[in-house]
Amino acid sequence: MLGPEGQGALALYTNGLQMALLLSGLGLPAALVPFIASGRLIRSSIPALVIRQLLFSLSGIFIVLVCLQISGCVTQILPTFFQLTSWKIFLLLHVLFLLLNTLLQALLQAEGAFIAAARITSSASLLLLIFYLPAYFNYLPQGLNKLNWILWATGACVVYNSLLCIGLLYRKYPAYRQTDASSLPSFRPLIQFALLAWGTNILQFLSYKMDLWFVHAYHGKGATGVYALAGTLAQMGWL
């Protein structure tokens with residue numbers, strides 16, 4: 001549908017997005033589930049913690065993007081059109097909502113709402129497939145790039161998923177409607193656990209996904225697209 005170069009650009013963006021999500025998450029989503037389920041974290045303190053996390057992460061990703069732009073490394077990690085300011089803003093918002101969605105999914109799992117969380121995720125995936133149809137059958141408006149359409153559709157589905165999670169938490173779990181801006185020291189055990197998970201996840205991601213950036217650096221987007229597609233097909237066979 002996208003061709004080798006388009007597939008390569010999409011793979012680069014997905015890789016960069018996942019890396020940004022891991023770096024900005026600081027392992028917090030993995031730590032929230034056991035701490036809330038065991039009662040070691042007061043639910044009314046969660047909204048303040050999530051807001052702090054989102055603001056801190058947005059600032060951190062912005063600084064990293066600026067540094068990558070200055071050093072000229074941004075085109076090695078992301079598609080070339082991300083040199084444009086509009087696409088950098090899109091990436092920041094995509095990471096922000098993706099992190100929010102990950103945190104909200106962790107809250108739902110901590111409350112034992114596994115079926116509800118799965119239904120929300122499934123509906124977002126189905127919506128994304130519906131968005132893919134016009135691109136697949138070439139029904140997009142003239143002049144609209146397929147890759148751009150897919151990226152915007154992916155971002156829209158993340159926002160949709162986040163809004164559904166917020167609505168479910170607000171409706172079924174009143175404790176999350178309250179806000180208790182607790183002091184940071186009360187979060188110390190949570191942060192220690194989160195940072196341990198954070199380091200482990202980053203090492204695992206680099207060992208699993210860094211080869212894509214090497215292929216792009218030495219062989220270009222076309223080879224990267226073929227390599228990424230081969231990897232996806234291998235994963236599907238393994239699943």
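These legends walk through close-up views of a predicted model. Residues are numbered from 1 along each chain as its sequence is written, and side-chain values use heavy atoms, without hydrogens or water. In this predicted model, local features need pLDDT of at least 70 and side-chain atom pairs count only at pLDDT 80 or more, while totals for chains, interfaces and linings use all residues.

View 1. A search of the whole structure turns up 1 cavity of 30 Å³ or more (on a 1 Å grid over the protein atoms alone, a set of points where a 1.4 Å probe fits but cannot get out; lining residues have an atom within 4 Å of a point). Look for Ser57, Leu58, Ile61, Leu92, Val95, Leu96 and Leu99 around the largest cavity.

**View 2. The helices beside the cavity.** Helix 3 (46-71) and helix 5 (85-110) each give two or more residues to the lining of the largest cavity (helices are DSSP runs of H or I, at least four residues, numbered from the N terminus). Helix 5 gives the most, with 4 residues.

**View 3. A salt bridge between Arg43 and Glu111.** Here you can find the 1 salt bridge of the whole structure (a side-chain nitrogen of Lys or Arg within 4 Å of a carboxyl oxygen of Asp or Glu). The side chains of Arg43 and Glu111 meet at 2.6 Å, N to O. Arg43 sits in the loop between helix 2 (28-37) and helix 3, and Glu111 in the loop between helix 5 and helix 6 (114-136), 68 residues apart.

Conventions: On a 1 Å grid over the protein atoms alone, a cavity is a set of points where a 1.4 Å probe fits but cannot get out, and a pocket is an open set with protein on both sides within 12 Å along at least five of seven lines; lining residues have an atom within 4 Å of a point. Grid points are joined across faces, edges and corners, and a volume is the space filled by probe spheres set on the points.
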